[in-house]
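Here are some notes for a first look at this model. Please keep the structure open while reading.

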Amino acid sequence: MKFLFLFLLLFATALPAQVVPYPTIKELRVHNRGMVVSAHPLASEAGALVLRQGGNAFDAAIATQFALAVVYPQAGNLGGGGFMVGRTASGENLALDFRETAPGKAHADMYLDSNGRAQTDLSQYGHLAVGVPGTVAGIFALHPRAQLSMDQLIQPAIKLAKNGFAITAREAALLNSHQKEFAALNTSSNAFVRPTAWVEGDILVQKDLANTLERIARNGKEEFYTGTTAKLITKEMQRGGGILSLQDLALYRPLWRNVQQFHYRGHQVLTMPLPSSGGILLHQMLSYISKEDFNGMQFHSPRVVHTLVEAERRAFADRAEYMGDPAFIKDPSALLTSEQYLTQRWKSFDSAVATPSAAVGKVVQPLEESTETTHISIYDALGNAVSLTTTLNGLYGSKVVVDGAGFFLNNEMDDFSIKPGVPNMFGAVGGKANAVAPGKRMLSSMSPTIVVKNNKPVVIVGTPGGTTIPTSVFQTLVALLDFKIDPGRALHLPRFHHQWLPDSILYEEGLSLELLQDLKSKQHALKSTSQIGRVELIVIGPTGEVHGVADPRGDDSIAYQ
């Protein structure tokens with residue numbers, strides 16, 4: 001395993017087309033060693049490689065994120081943004097916000113037609129959907145916590161982009177399913193469009209992206225925000241009628257924030273504050289169910305699932321009404337997570353019947369206002385922990401590739417409420433608190449989370465999945481902390497999700513017929529889906545055992561130091 005990654009880089013292009021040149025490790029236990037869990041085996045290996053070279057968890061996060069920008073183009077990115085929650089070996093808690101922002105020319109009505117109708121195509125596809133990217137700035141903000149040079153950390157990604165890698169059947173199918181959109185929104189040739197269908201084992205080479213990464217390694221963060229890459233981005237914007245400018249890029253800054261933290265069942269939970277709604281949602285949902293007694297019950301018993309769903313419903317109702325960028329609204333976090341508020345809110349819970357979403361909307365006076373994603377969980381032998389989630393929003397973001405730079409740009413503007421009550425691509429609704437405004441950070445559902453006990457990290461977790469992110473993390477924590485379910489089994493269990501509106505439970509196939517019938521009898525509406533989330537999980541035991549699980553729903557994989 002130790003020399004696997006270097007072997008892959010040297011020989012990937014020489015392998016026969018039908019061979020997939022890397023193993024996928026779904027579950028792994030090691031002792032007192034570092035571990036990386038991510039959406040792609042080669043990205044996990046990039047992070048593990050720098051751990052072996054003397055780097056720490058922050059080095060591994062940087063190397064893994066750069067590698068994901070190459071090998072996981074549908075979500076790994078240079079052209080998006082995200083959030084990081086960290087815990088240092090010395091006990092310092094960290095929260096980094098490198099969420100995208102609205103361009104300076106953005107305004108609240110920019111996606112409405114002359115009759116006031118929402119034009120969701122404009123917020124979801126093409127150049128007008130693009131927010132100012134924050135990923136590169138976020139990576140560089142992490143670097144002072146790392147041990148190795150940025151040039152050393154970016155080299156695995158450069159080699160992968162330059163030499164290419166063999167794509168999986170899943171990756172081939174995704175690329176094929178978006179060829180029409182790529183062709184319609186891009187006038188220049190790029191690495192992702194070809195005249196024949198992609199097949200498993202094809203080698204994806206990204207020369208333009210390799211050149212961009214080399215410029216960043218040579219010139220630093222300024223290359224992306226004021227240098228040649230910035231000029232290529234704004235040229236692409238001008239070609240496609242976008243509004244993102246050189247000034248928008250030059251003004252972008254990541255923000256260190258106070259960690260959203262609370263206690264649950266004898267554990268300290270560390271997660272993201274606004275403008276990520278995920279931390280508040282987790283705080284609320286876990287607080288609600290802490291008022292209930294699950295003693296003697298099974299995780300997927302009707303009473304437990306009904307209770308979790310009702311907690312999710314109430315939290316998402318608050319998300320729609322009150323949450324947004326705290327720089328633009330009166331921050332509701334303290335109110336929404338206060339014990340008085342949560343106790344009052346939970347009084348409407350009925351263990352025998354579903355509460356209609358219409359009955360759990362706005363419950364306090366309005367406060368005065370002033371999809372596709374990827375996650376990395378990392379732990380190192382020193383005791384540092386990193387939970388990092390980044391996104392382009394939808395699969396391949398806006399579907400726009402920066403001509404000459406080789407990477408996709410996000411479609412994060414759709415995460416704003418483009419019109420009160422109009423759902424975004426994930427079905428989430430919002431109001432004035434999350435309206436479009438210049439320089440504003442759009443509300444997110446990302447929920448990078450670390451759980452601490454006895455002053456040491458015991459769980460590192462996160463997932464992609466749009467609005468299903470907080471509920472997937474929520475259910476994983478409940479399975480681990482309340483029901484003591486083995487980490488491997490916890491990630492295999494089918495998931496369910498409720499986000500207030502639409503007023504129905506979205507569930508993965510695999511839930512028992514008895515459970516589904518019971519939920520129907522409680523007046524829940526049900527809708528099945530093939531997949532919810534792709535959780536990346538590390539659990540650290542009291543004797544130093546590091547237990548990693550990569551979600552079985554994708555090509556996700558583990559690598560270790």
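1. Start with Lys484. This is a predicted model, and in it Lys484 sits in the loop between α17 (468-482) and α18 (487-492). Its phi is positive, about 55°, although Lys484 is not a glycine. Most residues other than glycine have a negative phi. Is Lys484 buried or exposed? Lys484 counts as exposed, because its relative accessibility is 62% and the cut-off is over 50%.

2. Arg265 also deserves a check. Its phi is positive too, about 50°, and Arg265 is not a glycine either. Look for Arg265 in the loop between β8 (260-264) and β9. Arg265 is partly exposed, at 36% relative accessible area.

3. Next, the peptide bonds. Most are trans. Leu274 and Pro275, however, are joined by a cis bond, with omega about 15°. Pro275 belongs to the loop between β9 (267-271) and α13 (278-289).

4. Another cis bond runs from Leu501 to Pro502. Here omega is near 0°. The loop that holds Pro502 lies between β14 (496-497) and β15 (505-508).

5. The largest nonpolar core has 80 residues. Phe66, Val70, Leu78, Leu213 and Phe407 have the most contacts inside it. Which helix gives this core its largest share? Helix α3 (residues 57-71) does, with twelve residues. Apart from this core lies another, of 59 residues, including Ala315, Ala317, Ala479 and Val549.

6. Finally, Phe407. Leaving aside residues up to four places away in sequence, Phe407 touches Leu78, Gly79, Leu209, Thr212, Phe224, Thr229, Ile233, Val400, Val401 and Val402.

Methods. Residues are numbered from 1 along each chain as its sequence is written. This is a predicted model: local features need pLDDT of at least 70, side-chain atom pairs count only at pLDDT 80 or more; totals for chains, interfaces and linings use all residues. Side-chain values use heavy atoms; hydrogens and water are left out. A nonpolar core is a set of buried Ala, Val, Leu, Ile, Met, Phe, Trp, Tyr and Cys residues joined through side-chain atoms within 4.5 Å. Buried means under 20% relative accessible area, exposed over 50%, partly exposed in between (1.4 Å probe, protein chains only). Helices (H or I, at least four residues) and strands (E, at least two) are DSSP runs, numbered from the N terminus. Contact means heavy atoms within 4.5 Å.
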